[in-house]
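Subject: Structure handover

Hello,

Here is the structure I said I would pass on. My notes on what was found in it come after it.

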Amino acid sequence: MDLSEITPVAQDYLKAIWSATEWGDPPITTTALAARMGTSAPNVTDTVKRLAGQGLVEYQPYKPVTLTPQGRAYAVAMVRRHRLLETFLATTLGYPWEEVHDEAERLEHAASDAMIERIDARLGRPTVDPHGDPIPTAQGRTRRPLNTTRLTEAKPGRYEIIRLSDADPHRLTRFRDCGLVPGGAFRVIAQEASGTTGVPGYHHTAIELAPTEAEAIWVTPTLKTHRSL
């Protein structure tokens with residue numbers, strides 16, 4: 001998949017459209033896409049129409065935007081590139097995880113396919129990035145963990161943290177300070193309108209996460225969940 005065949009703007013849009021549905025959310029609208037891309041709805045509409053003309057997206061006015069098979073192939077290749085760069089920055093260059101997303105955004109358009117494959121080999125073919133997002137394979141296969149749910153929907157019990165959204169670097173800093181990391185444990189104590197109360201890791205001090213924070217965390221139940229209820 002030669003990503004140089006499409007413009008950096010097209011790369012960003014296709015990646016955003018694919019990523020919007022990766023964890024089970026519905027296809028993205030042009031309004032939501034404008035918010036994600038930091039631009040106006042008319043600009044998004046114009047860009048999406050161009051992408052539709054190239055056979056990369058399916059677009060109808062007032063309908064969500066979806067990818068064609070070709071558009072999906074480009075999108076997944078961009079996601080792979082982005083997440084491998086994030087992993088390289090964190091594990092090899094020592095970047096804190098709240099900084100790797102924006103840095104990878106800048107690098108992903110300049111890196112060659114050969115460099116990405118060398119990074120993949122150097123890292124030992126990692127399967128997830130620093131935030132827990134699965135890294136697609138070189139053949140375009142994607143792997144989403146089974147039985148995952150947003151923390152806001154988790155009943156009281158014990159869970160493993162699978163993924164933390166990297167959309168907000170300040171929020172990632174708070175997660176790190178609270179000991180919330182992919183692969184870490186989290187015991188949900190209570191779910192209330194004000195947020196989620198629980199204990200991260202093996203700490204004995206409970207924390208409260210605002211609804212917007214808990215929505216940015218995906219978890220899966222551990223075997224201990226059933227015994228603790």
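Leaving aside neighbours within four places in sequence, Thr148 is in contact with Trp23, Ile162, Trp218, Val219 and Thr220, where contact means heavy atoms within 4.5 Å. Thr148 is found in the loop between H6 and E3. Its relative accessibility is 15%, so Thr148 counts as buried; the classes are buried under 20% relative accessible area, exposed over 50% and partly exposed in between, with a 1.4 Å probe and protein chains only. Helices (H or I, at least four residues) and strands (E, at least two) are DSSP runs, numbered from the N terminus.

This is a predicted model: local features need pLDDT of at least 70 and side-chain atom pairs count only at pLDDT 80 or more, while totals for chains, interfaces and linings use all residues. Residues are numbered from 1 along each chain as its sequence is written, and side-chain values use heavy atoms, with hydrogens and water left out.

On confidence, pLDDT is the predictor's confidence in each residue, from 0 to 100. The protein averages a pLDDT of 93, and 97% of the residues score at least 70. Over residues 225–229 pLDDT stays under 50, and the model has seven contacts for them beyond four places in sequence. Where pLDDT is low, the predicted coordinates should not be read in detail.

Arg141 is exposed, with a relative accessible area of 52%. Its C-alpha atom is separated by 17 Å from that of Gly24, 117 residues apart along the chain. Arg125 too has its place in the loop between helix H6 (113–122) and strand E3 (149–150), and its phi is near 55°, a positive value in a residue other than glycine.

Tyr62 likewise has a positive phi, near 70°. Tyr62 is found in the loop between strand E1 (57–58) and strand E2 (66–67) and counts as exposed at 84% relative accessibility. Most residues other than glycine have a negative phi.

Now the cores. A nonpolar core is a set of buried Ala, Val, Leu, Ile, Met, Phe, Trp, Tyr and Cys residues joined through side-chain atoms within 4.5 Å. The largest one has 26 residues, of which Leu14, Leu33 and Val57 touch the most other members. Helix H1 (8–21), H2, H3 and helix H4 (69–91) each give two or more residues to this core, and the largest share, seven residues, comes from H1. A second, separate core of 18 residues includes Ala154, Ala216, Ile217 and Val219. Not counting residues up to four places away in sequence, Val57 touches residues including Leu14, Ile17, Val48 and Leu51.

How do H2 and H3 pack? Helix H2 (residues 30–37) and helix H3 (residues 41–53) pack at an angle of about 105°, with their axes 9 Å apart. Axes are lines fitted to C-alpha atoms, for helices over the stretch in contact, and angles run from 0 to 180 degrees between N-to-C directions. That makes H2 roughly perpendicular to H3 (65 to 115 degrees). Thr30, Leu33 and Ala34 of H2 make the contact with Ala41, Val44 and Val48 of H3.

Lastly, Asp102 is found in helix H5 (residues 97–107) and is partly exposed, with a relative accessible area of 39%.

Regards

Technical notes:
Parallel < 35°, antiparallel > 145°, perpendicular 65-115°, else oblique.
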